[in-house]
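Subject: Structure handover

Hello,

Please find the structure below.

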Amino acid sequence: MKRYIYADNAATTKLDTEAFEAMLPWLIENYGNASQPYFFGKKAAHAIKEARQTIAGCINADPDNIFFTSGGTESDNWAIKCFGVSPTDAKVIVVSAIEHHAILHACKNQPNATVTYLPVDKDGIVRGEDIVMAFDHSNHPACSRTSYLTSIMMANNEIGTIMPIKDLAAIAHENGSVFHTDAVQAVGHIPIDVKGLGIDMLSASAHKFNGPKGIGFFYDSGKHVYPHNDGGAQEFGMRAGTENVAGIVGMAVALKNNCANLESNMKYIMSLEDYFMDLMEHSGVDFIRNGGRNHIPGNINLSFRNADGEAILHRLDLKGICISTGSACDSVNTQISHVIRAIGVPQEYANGTIRISLGKYNTLDDCDSIVEALVKILSLSKK
Ligand code: PLP
């Protein structure tokens, strides 16, 4: 088999073996519908209940506030589109300009909603005073049936920057707004305490933390949204549809394992990142690193002068190395990403941007091979 190096862990991660094994019985032997009252169904319902408790425990939430979804995109859409008391009420929504497209596109064409897109600084951080300005009530005619929402991602998927969520949530609350965070890149990678941080709603996706694809969860501390799907009574009547029992169980095992080893995983991945950056800095290649000091371990976003990120990606691919340009969820769009634009990367570097995202299964050898390949590709393209 071809040896390859996977360094695109912000796009998706390898399934945890224990999570995979925990899923199997729910696909083959215990395939009962969790909503049925006989023992076969009750077994599945019990597994879902246990998974909900495990997941809640990992982010200091109450289990009844965890709702299973198909992933990050659905959770983000739920937060934005179903926010408020009813679809006919007015909404004022404030988001950062560097949110994932699951948030940005959900904000488009929303009936009765006024949306403000907040700028970020060069590291990709939202300033609290911009939230205050966006909620200046003189901008929004007072209306008793208006709901206010701030949605700022916990960590950016392209540059890895971690936002000061506790401060931003407090400012949103002081301005009468509910606070949602897209924590898809953060859950299972950094410690999260939803109560301590003052988060009202949160989105997460299992395949970003070594869980299976097609499953995620939405946290809502108290009826800030109306139901996502109409139909059966699943998920406390908030998200109808027969539950993905195997996915839910696998997600809980993966998250539990990542959270149990959070500190050591972070330390290990940071040591890989430091090693990688040391090699890059001694390589003689002209580049800048994007994102702030406080970022998701392993996220390395680099812009090379007068280079083409797309070409670098394909040349690395030919050498069996998987990385990404800008946003991995948007591989069709080859223009300079909205994030790279928003943080103001100089024009002569912006087009040469790539993202390497190292994870717990990467090694120092992987770093050596990636840097060696990168240096070769960049020096060849200069000739
Ligand atoms: N939000 C962020 C920050 C992401 O990085 C992603 C995926 O890359 C998503 C949302 C969408 O998640 P999913 O792939 O589970 O739909």
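Two strands are said to pair if DSSP finds at least two bridges between them. Helices (H or I, at least four residues) and strands (E, at least two) are DSSP runs, numbered from the N terminus. This is a predicted model, in which local features need pLDDT of at least 70 and side-chain atom pairs count only at pLDDT 80 or more, while totals for chains, interfaces and linings use all residues. Residues are numbered from 1 along each chain as its sequence is written, and side-chain values use heavy atoms, with hydrogens and water left out.

The sheet

Three strands form an open sheet in the order β9-β10-β12, and their pairing is antiparallel. The edges are β9 (287–290) and β12 (353–357); each has a single partner strand, so one side of each lacks a neighbour in the sheet. From one strand to the next, the twist averages 30°. Angles run from 0 to 180 degrees between N-to-C directions, and axes are lines fitted to C-alpha atoms, for helices over the stretch in contact.

Strand β10 (residues 299–304) pairs with β12 over 5 bridges, and 4 bridges join β10 to β9. L302 of β10 is the bridge partner of R289, and L302 also has a bridge partner in β12, I354. I300 is bridged to I356 of β12.

Helix α9 (residues 262–281) packs on this sheet and touches β9, β10 and β12; its direction makes about 15° with that of β10. Contact here means heavy atoms within 4.5 Å.

Burial

Buried means under 20% relative accessible area, exposed means over 50%, and partly exposed lies in between (1.4 Å probe, protein chains only). In β10, 6 of the 6 residues are buried, so the strand is largely enclosed by the rest of the structure. N299, N301 and S303 lie on one side of β10, and I300, L302 and F304 on the other.

I288, in strand β9, is partly exposed at 26% relative accessible area. Beyond its neighbours within four places in sequence, I288 contacts N301, L302, S303, V345, P346 and Y349. V345 is 57 residues from I288 along the chain, yet their C-alpha atoms are separated by 8.8 Å.

The surface patch

F20, L24, L27 and I28 make up a nonpolar surface patch with about 390 Å² of accessible area together (Shrake-Rupley method). L24 belongs to helix α1 (residues 17–28) and is partly exposed, with a relative accessible area of 34%.

Regards

Terms used: Patches are made of residues with over 30% relative accessible area and no salt bridge: like charges are joined within 9 Å, nonpolar side chains (Val, Leu, Ile, Met, Phe, Trp, Tyr) within 5 Å. Accessible areas come from the Shrake-Rupley method with a 1.4 Å probe; for residues, only the protein chains shown count as cover. A salt bridge is a side-chain nitrogen of Lys or Arg within 4 Å of a carboxyl oxygen of Asp or Glu.
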